[in-house]
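The sequence and the structure are displayed below.

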Amino acid sequence: MRAEAEVGCYGPRARPAGGPGLEGLPLDELVNKRVVLITGKGGVGRSVLTAALARLAARRSLRVLVTEVGDDPDDYSPLAHHFGLSRLPRSPERIAPGIQGTVLLARTGQELFLKSVLRSGTLARAALSSDALRRLLGAGPSFREMGVFFQLLTYLRATRADGPEYQLILIDMPATGHTLSLTGLPDLLLRLLPRGPIAEALREGQRYLNDPTLAAAWVVTLPEDLPVSECLELLEGLDKTKMPTGGVLMNRIPPDPFTPAERAALTPLVDAQNLLGKEQLARPLLADRAVKRLRAATPRTIYTLPELPPDGLVDALANALDKARPLPSSESP
Amino acid sequence: MADATTTAEKVGSLLRTKRIIVCCGAGGVGKTTTAAALSLAAARAGRRVLVLTIDPSRRLAETLGVSRNPPEPVEVPRDRQAAAGISPPASLHAWMLDPKLVADDAVRRLTKSKEDAERVIGNRIYQQISGMVAGMHEYTAMEALYTLVNGGKYDLVVLDTPPSRHALDFLEAPRRLSRLVDSRALSHFLPRSDSMVARAASKVLQKILGAVFGDEFASEFIGFLMTFSSIFQELNVDVNTMRTFLSGPDVAFLLVTSPQPATLTEAHFFQDKTRELGLPFRGFVLNRSRARNVERRLPDAATDAAGGGPELASGLTKLRALAESELHLAKKDLALLHELEGRAGQQATALALPELPQGAGEMATLLEVADVLAAS
């Protein structure tokens, strides 16, 4: 049973403004949301997949905002790199046709939040220029995550005459621990702050993030032992924070050009001589084993994506995503 | 990879002589594996070693046969040590520590009375946030390190720093914590009785806190800060003490990294930062490097197919194409290693570790890495 995999069932509610050509394609569940979190360990291809999804959604005429959670505005950004930039802008700007981009920073969100609650200009200015408050917000409990959360909420709220300003917000999420701190933030803070402006903002954010018709987290992983284990742990963690999960994107499935007879003939030779390419002979088998293990361990939707050359990777991945079909569930023949 | 131009101490020598090795690195580069392999290598070389990790993977705990989050370091079962070639008096302990336990412990030590300590630990706000305060994990790791090294039970402690996006977070996060408590920053939030100006300023801040958090939580929060301010002052001292302690000659900082576009930028920042903080940067460990593949022979359809059937010939042609792209990657990784070597200079070393083979038992893999480290 693939409980979360019914394609298109969230369609009508997901995007009030509507967009052309979205019915019936397998990947609708991926882009037909207001906010999609791309999660996973470092080095699995999260950023490039975020960029490819943005490209794909823009091709379907969605107004897309791509973001990443940053620590520092000067950070090197692999996501920005895929758009030919060294870093994403501090506030949304067009970074590619149909695509806007910005970095989610604790500081930016905290400022937005203070401006919205301290309606008095004097108070807001006093707060923002207060070294003491800045230090508190920089080190304090969950304040950094709160800033990121509020900045995201601001973009979710933004509307224009014909619907949401950003029909799809894609977030390249940082390492696992940070991801779970962010998705777990509302529950944690609401226990401490059941009332007040922060609580209101958190509840509003929850209405987006905890609604499977509006939000989904996808876990990016690789067809190898350890990444599969980590992917399963992350899925479990996301469930605990009530973040709806779309499924798994299994990236970099190696090609297997060899027939069984060729493999049988080659194996003794490459092993005996430790020839270069030996690992390439074994990789497809190991990858296949990892895919099967993941398939058996979770009922969720799984997409597999091929290993592709680095040149033109974003477009090639967008094409691959466009054509991708979910892996059959484990009961299927 | 040997490099004749540098006189810097190799990793194999560092793990035999230093008392502390700190493994820094962004998440996902294999830092925990490297720390575990370094520890194994040092214990195999006859030392009493402790590996200290935060937020560890289930898998490493299983491999070493120790529990996660015990209250104190646990010895790796003797049979596993023996199987890994560690024999007394050498030993390997591991502590996959729970930041909450260490934080509580620190509070107990830093508070003046037992009652104070229990009041703090019992505080509702503290209970919710102590694990989530930015810098707390990093602080607790340093705290544990400090205590354990000074305890004299180990010849070497290997610290696997907490997972983060940046290698530098480990150095920066405790500083954020200490910047908060340092100076009079906190006192601005507390009711004041000194000058009129200070009173007015503190009133404004309290009003802001009230508007942001709601009046009810704001007063509770201010109460929390008051309870903590004395502890924070102590902690501030400790952050500085620990920085001094980590700049000693017995300490080596290693940056664990992997071949990625950002690797060189990261390496550069890390070196600058450690220099700025006066910390002994001693080397780069480039994980998952395919650099050594340049030494391997390419399959050759013409000669290797001799005496084989048609499958061998067609298979070799396909393998050759794959092997050529492997060679291309290997050359790129080798160039990266050379750049890191150049950057490491005279004080530090650069070492490439191969991609870990899949499918082998985890312990066998760790031992393989340990051998490469020890032989470097």
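**Surface and burial**

A residue is called buried under 20% relative accessible area, exposed over 50% and partly exposed in between, with a 1.4 Å probe and protein chains only. Of the 333 residues of chain A, 58% are buried.

**Basis and confidence of the model**

The model is predicted: local features need pLDDT of at least 70 and side-chain atom pairs count only at pLDDT 80 or more, while totals for chains, interfaces and linings use all residues. Residues are numbered from 1 along each chain as its sequence is written, chains are lettered from A and ligands numbered from 1 in the order in which they are written, and side-chain values use heavy atoms, without hydrogens and water.

The pLDDT is the predictor's confidence in each residue, from 0 to 100. Chain A has an average of 84, and 83% of the residues score at least 70. Confidence in chain A is lowest in helix H1 (residues 11-14), with a mean of 37, and highest in E3(A), at 97. Where pLDDT is low, the predicted coordinates should not be read in detail.

**The sheet of chain A**

Helices (H or I, at least four residues) and strands (E, at least two) are DSSP runs, numbered from the N terminus. Chain A has 15 helices and 10 strands. Two strands pair if DSSP finds at least two bridges between them. Eight strands of chain A form an open sheet of mixed pairing, in the order E3-E4-E2-E7-E1-E8-E9-E10. Strands E3 (93-96) and E10 (301-306) of chain A stand at the edges with a single partner strand each, so one side of each lacks a neighbour in the sheet.

Within this chain, strand E1 (residues 35-39) of chain A runs parallel to strand E8 (residues 215-221) of chain A, and five bridges join them. A:Ile38 stands opposite A:Trp218 in E8(A).

**Aromatic pairs**

Rings of Phe, Tyr and Trp (its six-membered ring) pair if their centres lie within 6.5 Å; planes under 30 degrees apart count as stacked, over 60 as edge-to-face and the rest as tilted. Six aromatic pairs are found over all chains. One of them, B:Tyr146 with B:Phe245, is edge-to-face, at 4.9 Å centre to centre and 85° between the planes.
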